[in-house]
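Trainee: I have a model open and I'd like to learn how to read it feature by feature. Could you walk me through it?

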Amino acid sequence: METKDKVLMTSPEKCTGCRLCELVCAVKHHGASNPSRSRIRVMKWEMDGVYIPMACQQCQDAPCMGVCPANAIFRNDELNKIEVDYDKCIGCRSCVAVCPFGAMGFNSIDRQVFKCDLCDGEPQCVRFCEVQALEYVDADDVAVLKKQTAAKKLHATSHKVALKSA
Amino acid sequence: MALDRKIAYINLTTGDVTVKPIPLDIRKKFIGGRGLDAYLLLNHSKKGCDPLGPANPLIVSGGILTATCASATARTHIMAKSPLTGLLGSANMGGFFAPEMAWAGFHHLVIKGKAKKPVYLFIKNGSIEIRDAGNIWGKTTTDTQWAIQEELNDKEIKSLVIGPAGENLVTFANVMTGIKNAGGRTGMGAVMGSKNLKAIACRGTMDIKIAHPVEALEYNKRFIDQITSAKVNKTQGTLGTPMIWGATNSWGGVRTRNFQYNQCEYADDIEPENLDEICNDTIGPYHMAGCFGCQVHCRAQYRIPSGPFAGRYDEGPEYTSQGAFGGEPDTPRAETVLAGNHLVDQYGMDNLEVGSLISWAMELYEEGIITNKDTDGLDLNFGNDEALLEMVERICYRKGKVANALADGGIPASKIFGKNSFDYLIQVKGMSNLHSDERATPGLALNIATASRGSDHLRSRPAIDLYHLPEKVLHKIYGNPVSYKGKLSSEHTEYVGKAWQVFWQENCYMGVDCLGICKYHTTFLGATLPNFEDWPKVLYYNTGIEFTPEELWDIAERCNMIERLFNLREGLTRDDLEKGDMLNHRYFDEPCRRGAPDVVGMKIDKKKFIKMIDEFYEHKGLDKKGHPKPETLKRLKLENEPSHLL
């Protein structure tokens, strides 16, 4: 059986800054184009050409869950994600304040907090990200994939060093 | 809904702002974007108005699909009467501005009057504020954008700005957004400058409801797959537009030494692969960036590797900069191209016009028509990199006789330089041609001669003509959505059928410009990309309006005719070298000296060319003089223009 223990992995260096992820996220969840409703946002340092997609990390020890006075935030073990129970949520935005990634948003149109729900296992941001700056991968493999990228860089550097000393 | 985005009329003299909805029947006639802008320009300007006077309306827009769930809906369009040509002024740019303006509630702005002192507009969620720009006047294009973000304490603000060139009323000053997205042509930056308008800043968090979101999302995926699967777009996403320059130069389609040669020799340094290597070295392996919602990501990022501007960050260079600062002046060195590109981005000037005019001046210098006395001692010989970059700065700040004359545009400058300087000027309707050489490609020559904003490759160029597609394939593309029974030829050197191809492309590009999507997402460089047949679905899923491909074709034709009506009102004629659908004599008299066997020795046959114009006029429903026939205006429902409905 396919494992549901998957995580959203971002590789910021690959991001082209196009913000298609923001568009499809808002359309998927609200039927509207509006980045302020997107669960994922691309932060930019334009004069350096640096673009970094920011989304919920579905933390193991989630600060939002800890701070919630209404116990409205819980872990969905099946999809390994953090969810908001809107029947319990009182809209105090404590979770927004405490999230270290800014991943919990507050939407001024519906007056509700909102966060990434991994599109119930089929994240649209990943589906539309052709450059694969966003990937939905097995939690077990995250580190391996990162290791491969880092090793590639190391390899290139050591190769250069070897060439220099030769 | 996209359809509830508004139009705002802003009078900078009085400070009055009026906001109106855009009625559905207007949408059905002109859709939005460039098409509706053309309607607004014709209706809000008076014959003969001074392009740099307060009465010239400056119109800014996004397309009907801007920021909706369709691919690459990033384009901003800007229109006014051009101070460069005295005819239609129109420019289109990517980036993130138009989507932000749409989220702020607007699709179209009509800006009239002139502010007493420098101002900028701040548009946020339906409200429009005119703010003092005293502190940002004089700043470069990027510094202006960051200063506005800082002043309003919001990093998400997107601005459309002018640089020093626009303030100094350089007639080909552009408007910029982001690092390098430029509404380059026809001097729209000078129009902004003439109104004391430094910038338009937008910030929006308003929903654009998608009519059928599930279908829109799925169709968008299909659309994107179609777009990214085209090989040309894959290459664009790796090398950017420089790949076009590389290909056309090796073939012999690149103006060099103004118009003396059609190929730049010893140009390895500015070949796309080498520029890519510089991006790789200075930024890293992932150095391509995209405009809003676009998966083609054709914008390269770089730092200038060496020289006086070493370390400066910029984006591009597009192939236009390779031509302007490499091929035309015969300075094919990466450092020069990257620096030239950076300077025009910062000053806010059209790279094509700058490069072409300097190269023209270099030829005049070579011919002794302008001398050291005119240039204040600057050695304006071809191949002089330093002089080239010095001239870029001089033009922006109007320093010295030659640069100050060039800053007014080619035709006015030719009157100052005198003698036969005009004969050397490679322009149509007062606007310099791109660095490309069309002598071996009659279809492309017809395109630049008849383009509504002057010599230009983005209004009607049948670029796929160079691919030698089988006639059957050509008929499939060019026979839709209206049938075409005439002949089409796979040969780019032929004259037959090219008039229809140019007419078809003119409508196709007007289509994307009305929708607000990028030309790389239609039949421009890729023969398999979406056009009229595919657009109705995107429109329906996103906006809920139903169109047939034939209706969209009619709308595009109508909008092109509106542009022609404007040009005719302002003095367009058929044969005039300054204001007509006519090419410089050199296209007919001087054969190509370099290039592949199908290029070398080629020139345009004037008789056949004139016949091609006749055919083109016929397709458009114009008489021999280029004026619309009464039945054409009736068919396009334009008999009552200007109708002042909006």
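Trainee: Where should I start with chain A?

Mentor: In chain A, take the contacts between residues at least 6 apart in sequence: 55% of them join residues at least 24 apart. Bear in mind that this is a predicted model, where local features need pLDDT of at least 70 and side-chain atom pairs count only at pLDDT 80 or more, while totals for chains, interfaces and linings use all residues. Residues are numbered from 1 along each chain as its sequence is written, and chains are lettered from A and ligands numbered from 1 in the order in which they are written.

Trainee: How many helices and strands does chain A have?

Mentor: Those are DSSP runs, numbered from the N terminus: helices are H or I with at least four residues, strands are E with at least two. Chain A has five helices and nine strands, and along the sequence they follow the pattern β-α-β-β-β-α-β-β-α-β-β-α-β-α. Its C-alpha trace spans about 65 × 35 × 30 Å along the principal axes.

Trainee: And what share of chain A is buried?

Mentor: A residue is buried if 20 or more other C-beta atoms lie within 10 Å of its own, exposed if 12 or fewer, and partly exposed in between, with C-beta atoms placed from the backbone. Of the 166 residues in chain A, 35% are buried.

Trainee: What about strand pairing?

Mentor: Strands of a sheet pair through backbone hydrogen bonds, either parallel or antiparallel. Here two strands count as paired if DSSP finds at least two bridges between them. In chain A, β5 (residues 73-76) and β6 (residues 81-84) pair in the antiparallel sense over four bridges, with Arg75(A) partnered by Ile82(A). β5(A) and β6(A) form a hairpin with four residues between them, and Asn80(A) in the turn has a positive phi of about 55 degrees.

Trainee: Which strand of chain B pairs with β2(A)?

Mentor: Strand β13 (residues 208-209) of chain B, which runs antiparallel to β2(A) and is joined to it by two bridges. Ser33(A) has Ile208(B) as its bridge partner there. The contact takes 24 residues from chain A and 32 residues from chain B. On chain A's side, α1 (20-30) and β2 (32-33) each supply at least two residues, and α1(A) gives the most, with five.

Trainee: How does that side of chain A divide by class?

Mentor: Into 10 nonpolar, seven polar and seven charged residues. Ala, Val, Leu, Ile, Met, Phe, Trp, Tyr, Cys and Pro count as nonpolar, Asp, Glu, Lys and Arg as charged, and the others, Gly among them, as polar.

Trainee: On to chain B. Why is β7(B) described as largely enclosed?

Mentor: Six of the six residues of β7(B) are buried, so the rest of the structure largely encloses it. Val119(B), Leu121(B) and Ile123(B) point one way, Tyr120(B), Phe122(B) and Lys124(B) the other.

Trainee: What pairs with β7(B)?

Mentor: β8 (residues 127-132) of chain B runs antiparallel to β7(B), with six bridges, and Phe122(B) stands opposite Glu129(B). The two form a hairpin with two residues between them, where Asn125(B) has a positive phi of about 40 degrees. β7(B) also pairs with β12(B), in the parallel sense over six bridges; there Val119(B) has Leu197(B) as its bridge partner.

Trainee: How do I read a nonpolar core?

Mentor: In soluble globular proteins, nonpolar side chains tend to be buried together. A nonpolar core here is a set of buried Ala, Val, Leu, Ile, Met, Phe, Trp, Tyr and Cys residues joined through C-beta atoms within 7 Å. The largest one has 241 residues, of which Ile59(B), Tyr120(B), Ile123(B), Ala201(B) and Ala361(B) touch the most other members. Helix α19 (residues 498-515) of chain B gives the most to this core, with 11 residues. Leaving aside neighbours within four places in sequence, Ile59(B) has contacts that include Leu40(B), Ile78(B) and Val110(B).

Trainee: What covers the buried residues of α4(B)?

Mentor: The cover includes β7 (119-124), β9 (158-161), β10 (175-177), β12 (197-203) and α12 (334-347) of chain B. Among the buried residues of α4 (residues 141-151) are Thr144(B), Ala147(B) and Ile148(B).

How values were computed: Contact = placed C-beta atoms within 7 Å.
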